Amino acid sequence: MKAATYGTVRVRLAEKEAATIFISPAPNYSVKDKGVDYVVFMVDDPKPEGSSPDRHFLRKASDHLSVSDRDIARELAAAALSGTKVKIEIESTDRGVHARVVGAEIPGISGQL
């Protein structure tokens, strides 16, 4: 299943994987429960209306996501440096427990880089 969230990112570049990211979600994509911050991911391909309420899932904000695509990692690193809000797209077979970044939408930055 594919899902997405919005926010700013912190990026840790690595040798084995292209990068590891941490998401600071936009206010509409965050939840706090019992002192724990969560990121809300909206499922891109939800089941038809009425069949299931599972149109979203939560991941702890302190959990990282791996990015194996070096092009995506470079773009996310540039967005992290400028503090640009981005859309992060992930793919997961277990509602976000194990997920990988498969895409990112980053608005153009004029005159900052």
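A search of the whole structure, which is a predicted model, finds 2 aromatic pairs, where rings of Phe, Tyr and Trp (its six-membered ring) pair if their centres lie within 6.5 Å, and planes under 30 degrees apart count as stacked, over 60 as edge-to-face and the rest as tilted. Tyrosine 6 and tyrosine 29 form a tilted pair, which links tyrosine 6 in strand 1 (residues 2-13) with tyrosine 29, 23 residues apart, in the loop between strand 2 (19-25) and strand 3 (30-33). Phenylalanine 41 and phenylalanine 57 form a stacked pair, with phenylalanine 41 in strand 4 (residues 36-43) and phenylalanine 57, 16 residues apart, in strand 5 (residues 56-60).

| Pair | Centre to centre | Angle between planes |
|---|---|---|
| Tyrosine 6 and tyrosine 29 | 5.1 Å | 55° |
| Phenylalanine 41 and phenylalanine 57 | 5.6 Å | 15° |

Buried means under 20% relative accessible area, exposed over 50%, and partly exposed in between (1.4 Å probe, protein chains only). Tyrosine 6 is partly exposed at 35% relative accessibility, and tyrosine 29 is partly exposed at 21%, whereas phenylalanine 41 is buried at 1% and phenylalanine 57 is buried at 5%.

The protein chain has 1 helix and 8 strands, in the order β-β-β-β-β-β-α-β-β from the N terminus on; helices (H or I, at least four residues) and strands (E, at least two) are DSSP runs. Of its 113 residues, 35% count as buried.

Residues are numbered from 1 along each chain as its sequence is written. Local features need pLDDT of at least 70 and side-chain atom pairs pLDDT 80 or more, while totals for chains, interfaces and linings use all residues, and side-chain values use heavy atoms, with hydrogens and water left out.
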